[in-house]
Amino acid sequence: MDNLSKLSETLDSLMFECDLTLTQLANEVGIHKAYLSRYLHCVMTPSVENLVKLADYFQCTTDFLLGRELENHPTAFHPCPPFSEQLKVLKEHFKCPWWNFYKTAHISSSRFYEWKNGTRTPTLDCIVFLADGFGCTVDFIIGRTKI
């Protein structure tokens, strides 16, 4: 099962538990109803920003939403910094060269430098590759939690 189908399953369960309709959830989190429908039907992967909005609303980790954790471990979540700033934190934490990040994320060096310079943000798939490659949570990669 991939991240998108796990997200769909978890999101559907959380909506059921909270007795929420698609329209209600869309209004509560500020994500267009059509996008939420696409997430639920495994047609579209959410942006990191929308994933965080959903996790914040349900007070859960992004890893729980993605099915990477079987249980939710609520903790104090931090606002996500710009990814270009978070990259510096990650580099210091993991003590690795820059090239290791773009190899781990399976992207080109030019795309990585767009992240580093703040002109582009990574896709959710790239964030998951980084979390897998560095053996940490998605929430840590995006700066939502500290290790």
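Predicted model: local features only at pLDDT ≥ 70, side-chain atom pairs only at ≥ 80, totals over all residues.
A pocket, as the term is used here, is an open set of grid points with protein on both sides within 12 Å along at least five of seven lines, and its lining residues have an atom within 4 Å of a point.

**Largest pocket**

- The lining consists of Ser 47, Val 48, Glu 49, Cys 80, Pro 81, Pro 82, Phe 83, Gln 86, Thr 121, Pro 122, Ile 127 and Ile 142.
- Helix 4 and helix 6 are the elements that give two or more residues to this lining.
- By class, the lining residues are eight nonpolar, three polar and one charged.

**Helix 9**

- Helix 9 spans residues 124–134, and its buried residues are Leu 124, Cys 126, Ile 127, Val 128, Leu 130, Ala 131 and Phe 134.
- Ile 127, one of these buried residues, is also among the lining residues of the largest pocket.
- The buried residues of helix 9 pack against helix 1 (3–17), helix 4 (48–58), helix 6 (83–94), helix 7 (98–104), helix 8 (109–116) and helix 10 (138–142).

**Helix 6 with helix 8**

- The axes of helix 6 and helix 8 lie 7 Å apart, and the two helices pack at an angle of about 105 degrees.
- Because angles of 65 to 115 degrees count as roughly perpendicular, helix 6 and helix 8 are assigned to that class.
- From helix 6, Phe 83, Ser 84 and Leu 87 meet Phe 112, Trp 115 and Lys 116 of helix 8.
- This contact of helix 6 with helix 8 comprises four nonpolar, one polar and one charged residues.
- Phe 83 takes part in the contact with helix 8 and also belongs to the lining of the largest pocket.

**Second largest pocket and Thr 10**

- The second largest pocket is lined by 11 residues, and those nearest its centre are Lys 6, Glu 9, Thr 10, Gly 67 and Leu 70.
- Helix 1 gives the most to this lining, with six residues.
- The lining of the second largest pocket divides into four nonpolar, three polar and four charged residues.
- Thr 10 lies in helix 1; its relative accessible area is 14%, and it therefore counts as buried, the cut-off being under 20%.
- Apart from neighbours within four places in sequence, Thr 10 is in contact with Phe 64, Leu 65 and Gly 67.

Terms used:
Residues numbered from 1 in each chain as written. Heavy atoms only, no water. Buried < 20%, exposed > 50% of the residue type's maximum accessible area, 1.4 Å probe, protein only. Helix = DSSP H or I, 4+ residues; strand = E, 2+ residues; numbered from the N terminus. Contact = heavy atoms within 4.5 Å. Axes fitted to C-alpha atoms, helices over the stretch in contact; angles between N-to-C directions. Parallel < 35°, antiparallel > 145°, perpendicular 65-115°, else oblique. Nonpolar A, V, L, I, M, F, W, Y, C, P; charged D, E, K, R; others polar. 1 Å grid on protein atoms, 1.4 Å probe; cavity = no way out; pocket = protein on both sides within 12 Å on 5 of 7 lines; lining within 4 Å.
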